[in-house]
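Please read this briefing alongside the model that follows.

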Amino acid sequence: MTPPQTDARTASPTPDRVAAAVSETARQHGLAARMRPYAALTWDGSDGAIPGLYLDDLSGIPFLDEITAVEEYIHRARIRAGEGDLFAAVTAPAEGYETYCREHLGLGTTRWVDARHTSDPLAVARSCAEGAPYDTILAAAREAGALRLLPFMSVEPVWALAQQVHHDTGLPIQVVGPPPPVAWIANDKLALHELVTRVLDESWLAETRPCRTAPELATSLLALAEHAVQVGLKRTRCASAMGNAVFDAAAIRAMGPDGVLSEVEAFLERTQWQGDEPVLAVV
């Protein structure tokens, strides 16, 4: 029997190549300087009986406000919380939800930070930074002598809330999550593309062309459609495929340059592109 062929892509990168990739990525994004303001609030990795404030602040994800009842997603934070923790939400929990979490899932007793006064249902951290919600958080921090914030996505307002609590209490307050400069790299599909190329090589990736104008995107889509079955447009920092559009390559070829440009412009308008970040044309 002929032995199976080994896929060259399964080979592990060397430690030196990984270290070089990390160093180059950090240098490219200026992380050494940009991380310093967050150092005092960054989780030190320690365990212990310190209460956590769980919050699903979604304000860093574009155009989620178009999703009906998106504010109800925020109640997922309760599933991560345990005995003695807090979780914030901008709507009241559904009837029976707390009982289900506590008694059926065994998640313990938690405190709900009622942040319903907000005008922006996605901006949970900002809603928690004032009024009664903030008083609840301050009281919990003072009672325990410390507090950890555990966000779904550690965007800037979460760190601003942590800094505010630290300033007003003088207590150790930490955020369990990457500081915003790193969080953006983790959520940026072009940055991921560059990092995979450095650690492995481009054979691991779908063919991708970063573009900065609508005409450049249209030209790239047409070029990719010459040798692919399907092609697509991809915003770099969106969720749940909301920043994607997929096309049959044959349909793209049939549109011609003007038709493809119109399709690209409609996509950019739909995804509220501001011209400040590249958009990817992909196979």
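Two strands are taken to pair if DSSP finds at least two bridges between them, and the elements themselves are DSSP runs numbered from the N terminus, with helices being H or I of at least four residues and strands being E of at least two. This is a predicted model, in which local features need pLDDT of at least 70 and side-chain atom pairs count only at pLDDT 80 or more, whereas totals for chains, interfaces and linings use all residues. Residues are numbered from 1 along each chain as its sequence is written, and side-chain values use heavy atoms, with hydrogens and water left out.

**Overall picture**

- The protein chain holds 11 helices and nine strands, and its C-alpha trace spans about 65 × 50 × 45 Å along the principal axes.
- Of the 283 residues in the protein chain, 41% are buried, where buried means under 20% relative accessible area, exposed over 50% and partly exposed in between, with a 1.4 Å probe and protein chains only.
- Among contacts with a separation of 6 or more in the protein chain, 71% are between residues 24 or more positions apart; contact means heavy atoms within 4.5 Å.

**The parallel sheet**

- An open sheet is formed by five strands in the order S3-S2-S1-S4-S5, and the pairing is parallel.
- Strand S3 (111–114) and strand S5 (173–175) are the edge strands, each pairing on one side only, and the twist from one strand to the next averages 25°.
- Strand S1 (residues 52–55) pairs with strand S4 (residues 147–151) over four bridges in the parallel sense, and Arg148 in S4 is the bridge partner of Gly52.
- Helix H7 (residues 156–169) lies across S1, S4 and S5 and runs at about 170° to S5; for such angles, axes are lines fitted to C-alpha atoms, for helices over the stretch in contact, and the angles run from 0 to 180 degrees between N-to-C directions.
- Gln174, found in strand S5, counts as buried because its relative accessibility is 14%.
- Neighbours within four places in sequence aside, Gln174 is in contact with Leu41, Thr42, Trp43, Asp44, Leu147, Arg148 and Leu149.

**Strand S9 and its partners**

- Strand S9 (residues 279–282) is covered on both faces, with Val279 and Ala281 buried on one side and Leu280 and Val282 buried on the other.
- Strand S6 (residues 208–211) runs antiparallel to S9 and is joined to S9 by four bridges, with Val279 in S9 as the bridge partner of Cys211.
- Strand S7 (residues 230–235) is likewise antiparallel to S9 and joined by four bridges, and here Leu280 in S9 is the bridge partner of Lys234.

**Helices**

- The axes of helix H10 (residues 214–225) and helix H11 (residues 249–270) come within 9 Å and cross at roughly 155°, so H10 and H11 are roughly antiparallel to each other.
- In this scheme, angles under 35 degrees count as roughly parallel, over 145 as roughly antiparallel, 65 to 115 as roughly perpendicular and the rest as oblique.
- The residues that make the contact include Leu217, Leu221 and Leu222 of H10 and Ile252, Val260 and Leu261 of H11.
- Helix H1 (residues 15–28) has 14 residues, which at 1.5 Å a residue should span 20 Å, and the 20 Å between its end C-alpha atoms agrees; the expected span is 1.5 Å times one less than the number of residues.
- Gly30, which follows H1, has a positive phi, near 60°.
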